[in-house]
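Hello,

Here is the structure I said I would pass on. Please look at it first, then read the notes below it.

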Amino acid sequence: MVARHGLSELHAPPEGKNTIAFLHTREDHGEAPMTQVGPSIFWPRDLLPSVIQDVRIFTWGYDADIDGFGSASQNTIHQHAGSLLSDLADQRETSEHYRKPIIFVVHSLGGIIVKAALNKSSAIQGTRLKDKAPATFGVCFLGTPHRGSMSASLGKIAFEITKSATRRPNTRLLQGLERNSETLDQIGDTFAQTMLGSHRQLR
């Protein structure tokens, strides 16, 4: 079962050498299109372990519904990044995998969240979140809007028009994803320095 929020462990070999973490897209949760093959095959869980047997595999879900009702759906990119770091720290500090390498496979907004999380980890001093950037071996970006997205601007306009008293559209998240967004520029510029300083692999 893949949880909607937080880390879900898909494969846990006794001697796992590395960790692969999948982050889904803004519109989907858990078994997202980038990881779904047909109606019933979730390839990170059902296929990948047979190919890479000695790697621990997780998926991380987050609430990014732009038209959501709850307070979690109002989180900013940086708040989601902090949640990701905390969840990874909770999982890794209680196991022998504390300092083993992490590979992120990220789609759409998930890529922006990972960049912000690694920036945060790199800048933090003296906390349990500090080791996540140095432990990151690579990041595979799939369809990540590094420079923003026109759909974010259109979505913000649509929700301004259609929102009712019972809805709290997450316009802060949409603003952060717009083209020429200052938030994305800051995250991207800092991430470039984070990666140069740690000599990590980007794809």
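**What was found**

In β7, Phe141 is the bridge partner of Val106. The model is predicted, so local features are given only at pLDDT of at least 70 and side-chain atom pairs only at pLDDT 80 or more, while totals for chains, interfaces and linings use all residues. Residues are numbered from 1 along each chain as its sequence is written, and side-chain values use heavy atoms, with hydrogens and water left out.

**Strands**

The names of helices and strands follow DSSP runs (helices are H or I with at least four residues, strands are E with at least two), numbered from the N terminus. Two strands pair if DSSP finds at least two bridges between them. Strand β6 (residues 102–107) and strand β7 (residues 136–142) pair in the parallel sense, over six bridges. Strand β2 (residues 18–23) also pairs with β6 in the parallel sense, over five bridges. Within that pairing, Ala21 stands opposite Phe104 in β6.

**Confidence**

The predictor's confidence in each residue is its pLDDT, on a scale from 0 to 100. The protein chain averages 78, and 69% of the residues score at least 70. Over residues 26–30 the pLDDT stays under 50, and the model has 21 contacts for them beyond four places in sequence; a contact means heavy atoms within 4.5 Å. Where pLDDT is low, the predicted coordinates should not be read in detail.

Helix α3 (residues 77–92) has 16 residues and spans 23 Å from its first C-alpha to its last, close to the 22 Å expected at 1.5 Å a residue. The expected span is 1.5 Å times one less than the number of residues. For burial, the cut-offs are under 20% relative accessible area for buried, over 50% for exposed, and in between for partly exposed (1.4 Å probe, protein chains only). Buried residues in α3 include Ile77, His80, Leu84, Leu88 and Arg92.

Thr194 lies in helix α8 (residues 182–198). Is Thr194 buried or exposed? Its relative accessibility is 9%, so Thr194 counts as buried. Not counting residues up to four places away in sequence, Thr194 touches Leu118, Asn119 and Ser122. The C-alpha atoms of Thr194 and Lys120 are separated by 9.5 Å, although these residues are 74 apart along the chain.

**Salt bridges**

How many salt bridges does the structure hold? There are five, where a salt bridge is a side-chain nitrogen of Lys or Arg within 4 Å of a carboxyl oxygen of Asp or Glu. Three of them are described here.

- Asp185 and Arg147 form one, with the closest N and O atoms 3.6 Å apart. Asp185 is in helix α8 and Arg147 in the loop between β7 and α6, so the pair ties together parts 38 residues apart in sequence. Asp185 is partly exposed at 31% relative accessible area, whereas Arg147 is exposed at 60%.
- Asp131 and Lys132 form another, with the closest N and O atoms 2.3 Å apart. Asp131 is buried at 8% relative accessibility, and Lys132 is buried at 2%.
- The side chains of Arg45 and Asp46 also meet in a salt bridge, at 3.0 Å from N to O. Arg45 is partly exposed at 27%, and Asp46 is partly exposed at 37%.

Regards
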